[in-house]
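Subject: Structure handover and notes

Hello,

Here is the structure we talked about handing over. My notes follow below it.

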Amino acid sequence: MVKLSKPITHFPNLAHPLSLLPPNYNFELKKVLSTIARHNVQKVGLQLPDGLLKYSTILSDAIEGNTTARVVTLADVVYGACCVDTDADVELIVHYGHSCIVGCGVKVLYVFVDVFFESEHLEGMVGRMIEEMGEEGGNEKGEEKGEVKGEVKGEEKGEEKGEVKGEVKGEEKGEEKGEVKGEVKGEVKGEVKGEVKGEEKGEEKGEERGEERGEERGEERGEERGEERGEERGEENGKKMMSEVNGRYGNKEKGGNSNSTTSTILSTPTTCNKSITVLGTVQYRHIVYKLNKMFNLPTYQVKPLSTGEVLGCTSPKVHTPNVVFISDGRFHLESLMIANPTVRFFRYCPFNKRMYREHYDHARMHRVRAQQRCAFMRSRTVGIINGTLGAQGNSRIVDNVHDALVRMGKEVYVFNMEEVKESNLRFPFVEGYVQVCCPRLSIDWGHLYGTFMLCAYEVFNERIKEMDFYSKEEIRPWNNH
């Protein structure tokens, strides 16, 4: 990566190109021009994702009008920072829209393209959500619909619908619908486990901790605010909440403006609001930082990503029951959802100023991946695909996968491919493939190739539980560092 010193700020022909770019998009043209001038670069390659490609001619005119460099716009599709064109015949690549995730052997200047928007609307929404959800593990006022743990002392006058654990002292005048453990001095109308001295009028529960009357719990530990959780916590409650949030703040705004992995927790957990985490793509890192500071929220970083940044193949394990993700799409968000199956996700789109409750079909994904892995385990000959597009492939991962497959007794072939598509996979002597390109290639589309298509992670793990392909937090046989 190019290291910058103090930038050169005098570029007389820059005003006109800047006037043609959207004012809330920061293309950092002064930094780009300063780098080109300082290193006397004569041939520059511009690499932009499809959403920003329409600005390439303006950026090219700005560079050629203020330096002696000639500009080439690279036309290959850019899926992410892994797609840096290392074979481009240029002296410097200016890569827009992504952060640096791995060295690629060429000079690259990364420009995040921060997208600014009026964040008061989002701030109001997050504040409302924190107010509605409350502190996880804090005192619940009013009717209790979750799990209540600890000692309950004194007179209980409300109707308890959660589980009550510990010693219950005093006269119980309300109807208990949860589980009561320990000594019970009074009439218990719920389900009682342990030593019961009164009359049992509830339902027997067996060895399980109990089923709340009228509410299904699923596999997770309890329900949030009395709704069914299953793998997705509180779908109906989430919809109701988002209706209230959008209704309360939606009319205050003017028109709209034109997405275990080891992760570093940067906040002290004991001092943070533990109900919500705010994350996003790199374009909105400044808003993520602002919200985290404003509401004292926990912050996460999976190095080498920026704080609060999520990639489609690399995301943190979060320790809050809810996540607000800032983005205009959900590809990167899906990485976070795969790594955190029990968390509730909300996506805020800054363009239409709406909050969406997002879901991911974990059961279907695991079922399809299990079928693919079963086919892999039955196979005798396996091909390893090493991606040559940008920084996707990695010879170390190829060697690790090769050794693992040999230990399994399989015959192994290695292929170098720039693009993985069915027309490139017509090798009759190979039963299926393990690709070292992008894990999402297998997770999202692996079952569509007519044969099994595993990612490196699946060779070493039976189920996909982490998204850490570019993580530097811990070196694993399947990640890129």
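Before the details, two remarks on conventions. This is a predicted model, in which local features need pLDDT of at least 70, side-chain atom pairs count only at pLDDT 80 or more, and totals for chains, interfaces and linings use all residues. Residues are numbered from 1 along each chain as its sequence is written, and side-chain values use heavy atoms, with hydrogens and water left out.

Confidence

pLDDT is the predictor's confidence in each residue, from 0 to 100. Its mean for the protein chain is 77, with 69% of the residues reaching 70 or more. Residues 1-8 have pLDDT below 50, and this stretch has 20 contacts in the model beyond near neighbours in sequence (contact: heavy atoms within 4.5 Å). Residues 136-262 also stay under 50, and here the model has 256 contacts beyond four places in sequence.

Helices (H or I, at least four residues) and strands (E, at least two) are DSSP runs, numbered from the N terminus; two strands pair if DSSP finds at least two bridges between them. Strand 4 and strand 5 are joined in the parallel sense by four bridges, and Tyr96 is opposite Val111 in strand 5.

Helix 2 (residues 29-38) has Leu29, Val32, Leu33, Ser34, Thr35 and Ile36 buried (under 20% relative accessible area; exposed is over 50%, partly exposed in between; 1.4 Å probe, protein chains only). Their cover includes helix 1 (15-20), strand 2 (43-47), helix 3 (56-66), strand 4 (92-96) and strand 5 (108-111). Just after helix 2, Asn40 has a positive phi of about 55 degrees.

Strand 14 and its partners

Strand 14 (residues 322-326) has five of its five residues buried, so it is largely enclosed by the rest of the structure. Asn322, Val324 and Ile326 lie on one side, Val323 and Phe325 on the other. Strand 14 pairs in the parallel sense with strand 12 (residues 276-280) over five bridges, and with strand 15 (residues 344-349) over five bridges. Leu279 is opposite Phe325, and Ile326 is opposite Tyr348 in strand 15.

Sheet 18-17-19-20

Another open sheet of four strands has the order 18-17-19-20, again with parallel pairing. Strand 18 (411-417) and strand 20 (453-455) are at its edges with a single partner strand each, so one side of each has no neighbour in the sheet. Strand 17 (residues 381-387) pairs with strand 18 over seven bridges, and Val382 has Val412 as its bridge partner there. Helix 8 (residues 362-378) lies across strand 17, strand 19 (432-436) and strand 20, at about 100 degrees to strand 20. Helix 9 (residues 395-407) lies across strand 17, strand 18 and strand 19, at about 175 degrees to strand 17.

Cores

A nonpolar core is a set of buried Ala, Val, Leu, Ile, Met, Phe, Trp, Tyr and Cys residues joined through side-chain atoms within 4.5 Å. The largest has 56 residues, of which Ile101, Leu336, Val401 and Leu405 touch the most other members. A second, separate core of 47 residues includes Leu21, Leu122, Met125 and Val288.

Salt bridges

There are 15 salt bridges (a side-chain nitrogen of Lys or Arg within 4 Å of a carboxyl oxygen of Asp or Glu). Arg440 and Asp444 form one at 3.0 Å, N to O; both lie in helix 10 (residues 439-445), four residues apart, and both are buried. Salt bridges with shared partners join Arg330, Glu334, Arg347, Glu358, Arg440 and Asp444 into one network. Asp468 and Arg476 form another salt bridge, with closest N and O atoms 3.2 Å apart, and both are buried. Lys31, which bridges to Glu28 at 3.0 Å, is partly exposed at 22% relative accessibility.

Regards

Conventions
Axes fitted to C-alpha atoms, helices over the stretch in contact; angles between N-to-C directions.
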